[in-house]
Structures are given as C-alpha cells and as structure tokens.
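Please consider the protein–ligand model shown below.

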Amino acid sequence: MPVFRSLAGAAKQVLLSPGCSCQTPALTVAVRAMSWSPRQVNTDASFHSVSFAESDHPRVLITGGLGQLGVGLANLLRKRFGKNNVILSDIRKPPDQVFHSGPFIYADILDYKNLREIIVNNRITWLIHYSAVLSAVGEANVPLARNINITGLHNILDIAAEHNLRLFVPSTIGAFGPTSPRNPTPDLCVQRPRTIYGVSKVHAELMGEYYHQKYDLDFRCLRYPGIISADTLPGGGTTDYAVQIFHDAVKTGKFECYLEPKTKLPMMYIQDCLRATLEILEAPAEQLTMRTYNISAMSFTPEELVTEVRKNLTDLKITYKVDKVRQEIADSWPMEFDDSNARRDWNWKHEYDLPELVFTMLNFITNDQEMLRAN
Ligand SMILES: NC(=O)c1ccc[n+]([C@@H]2O[C@H](COP(=O)([O-])OP(=O)(O)OC[C@H]3O[C@@H](n4cnc5c(N)ncnc54)[C@H](O)[C@@H]3O)[C@@H](O)[C@H]2O)c1
Ligand SMILES: C[C@@H](O)[C@H](N)C(=O)O
C-alpha cells in the first residue's frame, strides 16, 4: 500500500492500535499523570543499580521496532551481539517472519511501568528508541505526535537514567527549519522547525544532552536524512516518495510524485544508516566531542532521482501532483547536510551514493517481484 497516500488512515491506525493509550485527550492527561509517578529522577538518586563488565555483550531493546528501520537494525545487531541479546518491541503484532527471527516483546512507550519491567527482567543495557510519529502523519495528528514523540520520550529518558542505560535516539533533518542555513546545514545552527515532528526532535536532542550533562546519561543521537529501504515501507514522512518510486517503477512503470521536481533533500540508503547507528553506539565516549551528530550520504531532487532510475528503466513515466503540506515541509528542510564532525570524530563514511542506491533498490525489488510471480 502506498503509505504516503493514506496519511489520515495511518494516523488513525496508530491511534486505534490495541495497547496504544492515546485515544482521547482525556486519556492523554491521565497517562501523563500516571507515568510521572514511578520516577525517581532527582540529583541525589543513585541510578546506577547494576553494572556490567565492558567485555559483556550489551543487552539491547529496540522500541518501535516494526517500522521502516527497526527490523533491519535488529538483524545487524543480532549478527554482532547474538540473536538473544537483541529484543525487538512494538505495540503492533509482528509478522511471522519477524516473530521467528529473534526475541519480540510488546512494549508501549507510554506505559512507564511496562517499560521498567522489560528493562529489569531482560537486564537491558542499551536502549534504542525508534518509536515515533513521522513528519507528515504528525501534521495530520498533532496530539498523537506530541504524545508519542514528547511524552514517550520523557519515559525513555527517565528509564534510561534510572537504569544506567546507553540510550540512542535518532533525530532527523526535520529538526531544522526555514531559518536554518539549508545548503549546507551544520550541526550547530538555528533550529526553528515548523512541524510538530521537528519540534519534538529538537526537544529530544536537547533533553538527551541535558540528561547527559546533569545525570551522566550515556545519550547518543544521529540526525538521519530520509532513509531509503527496499524491504520495509516508510511510516508517513516527507521523504517517502524516494522509496515509493522504486516500487511503482518496477510494478507499474509509472510514478506520481507529491514533491516538485527541483526539491532537494538529503537521503541515505538504509544499510549506511544502520551501520552508522552501530558505529556511534560502539564509539568510545572520549571520541565523541558532541552527543548529537548530522550524518549524510547524498542529496538529490525528484528530477535527479528519476534521471538515475531511467538509466535502468527507460520507459518510466512521471507525473507531478504536489501535496501542499509535504512540499512546505520539504522546502523548510536542509538541502545538503554537513556531517564533517561525524567524519572527524568517529570516522563516519557513507558507502552508497545515488547510482549505487538506485542499482541496489531496483535489483532488490525486481528480484522480489520475480519470486512472487514464480510462487
Ligand atoms: N525513516 C526515516 O527516513 C527516518 C529519518 C530520520 C529519522 N528517523 C527516525 O528513526 C526512528 C525510526 O523511524 P521509522 O522510519 O522506523 O519509523 P516508523 O514510523 O516506520 O515506525 C515507528 C514505530 O513506532 C511504533 N509506535 C507507535 N506508537 C508507539 C508506542 N506507543 N509504543 C511503542 N511503539 C510505538 C509504531 O507502531 C511503528 O512501528 C524514528 O524515531 C524516526 O523519527 C527516521
Ligand atoms: C526525514 C525523516 O525524518 C522522515 N523520513 C520524514 O520524512 O518525516
């Protein structure tokens, strides 16, 4: 299903998901009141209840793991740390193949007690917080985005501080806005985003850095560009067109783009994104001069992407039907991302550029289609 064509539906689906305690404004308030009470975050508290030898493999929990990025990250981390040391979680039912590929658990980030139980019972040492409502769905449902991206994040920060966890929270190019320098956008500059998604991600960056400085929380954060993957669909963002084009090109030979042809945005192939995530998580603390880094691989416009796809699928037909909301968002985001600090501090290097990305995506989706036809 083309995710970007049914944002209202997607927002509704998250709202109505079993276990998601965010159905009405009244409930929202109740959740906030309840989830505050069990916390013992004060300056005298001893958060560091259990410590693990450095040589031990980390025990990892990934929240929001059934979205575009979580399953791929779990696969990568399981190869490195062992299948049973990486627990994938979400509030949705996992597909069979995910359920059978390693530990999966129900975890609602709005339920602090449930989170604490999972962290304690599974002796979690690294928390990777992927649950979020992305930019376009967030604009369609601000209360939901505020609840998941801000209230949920507060639970995550407190639980991580309380249990001395290494915490990774991704941020985004969407954490910048129209008054930020856009070409290129450095790590440190004006950040006045105009979406609830962007506002919540700036909040996450600042809160994480504050907890690091105040409570010694091992907070690590990367600002991801738009991520492109072949086997998982994006969850309702502004950059989703750059995934959908490959599926439509292979299946139907045509694609309708909701952004203008000259809209330039930073993008990255999923494998680079997940490898960067593992690298920042493993980087020795003394190498990190900052706790929030831009990472970058390539920038392109729809027009440039189409030109590259047509080198492989010459008959691809493109039409443009601009979506006002997403166009406005894209016009306020970085065009080129300056990631020189990541390259200097922990040796970040991307592997996929535009031709490599297009080749890999088309290959994957074409093979997938052929296998489907054969079965
Ligand atoms: N995909 C991208 O292009 C991109 C770019 C920049 C940053 N990011 C960030 O990376 C992270 C992962 O992105 P993604 O694309 O996989 O997101 P996604 O939208 O595909 O998935 C988010 C997941 O969060 C889950 N979720 C919703 N409410 C929840 C709750 N109450 N408790 C637990 N889980 C809940 C959803 O079920 C969903 O599976 C997000 O924080 C996102 O902001 C993604
Ligand atoms: C860029 C990113 O955060 C996400 N893909 C979105 O468009 O919302």
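Q: At what angle do α7 and helix α8 (residues 196-215) pack, and how far apart are their axes?
A: In this predicted model, α7 and α8 pack at about 15°, with axes 10 Å apart. Axes are lines fitted to C-alpha atoms, for helices over the stretch in contact, and angles run from 0 to 180 degrees between N-to-C directions. Helices (H or I, at least four residues) and strands (E, at least two) are DSSP runs, numbered from the N terminus.

Q: Why is α7 called roughly parallel to α8?
A: Angles under 35 degrees count as roughly parallel, over 145 as roughly antiparallel, 65 to 115 as roughly perpendicular and the rest as oblique. The angle is about 15°, and therefore α7 is roughly parallel to α8.

Q: Which residues of α7 and α8 meet?
A: Contact requires C-beta atoms, placed from the backbone, within 7 Å. Among the residues that meet are Val142, Ala145 and Arg146 in α7, and Ile196, Tyr197 and Ser200 in α8. By class, the contact of α7 with α8 has 12 nonpolar residues, four polar and one charged. Here Ala, Val, Leu, Ile, Met, Phe, Trp, Tyr, Cys and Pro count as nonpolar, Asp, Glu, Lys and Arg as charged, and the others, Gly among them, as polar.

Q: What makes α9 roughly parallel to α11?
A: Helix α9 (residues 241-251) and helix α11 (residues 302-310) pack at about 30°, their axes being 11 Å apart. That angle makes α9 roughly parallel to α11. The contact of α9 with α11 has seven nonpolar residues, and no polar or charged ones.

Q: Which residues come nearest to ligand 1?
A: They are Gly64, Gly67, Ala132, Tyr224 and Gly235, of 31 residues around ligand 1; a residue is near if its C-beta atom, placed from the backbone, lies within 6 Å. The shell has 16 nonpolar, 12 polar and three charged residues.

Q: How many residues of each class are in the shell around ligand 2?
A: That shell has four nonpolar, seven polar and no charged residues. Leu134, Ser135 and Thr172 are among them.

Q: What is the pLDDT over residues 1-38?
A: The pLDDT, the predictor's confidence in each residue from 0 to 100, stays under 50 there. Where pLDDT is low, the predicted coordinates should not be read in detail. The chain mean is 89.

Q: How are residues, chains and ligands labelled, and which thresholds apply?
A: Residues are numbered from 1 along each chain as its sequence is written, while chains are lettered from A and ligands numbered from 1 in the order written. In this predicted model local features need pLDDT of at least 70 and side-chain atom pairs count only at pLDDT 80 or more, whereas totals for chains, interfaces and linings use all residues.

Key: Contact = placed C-beta atoms within 7 Å.
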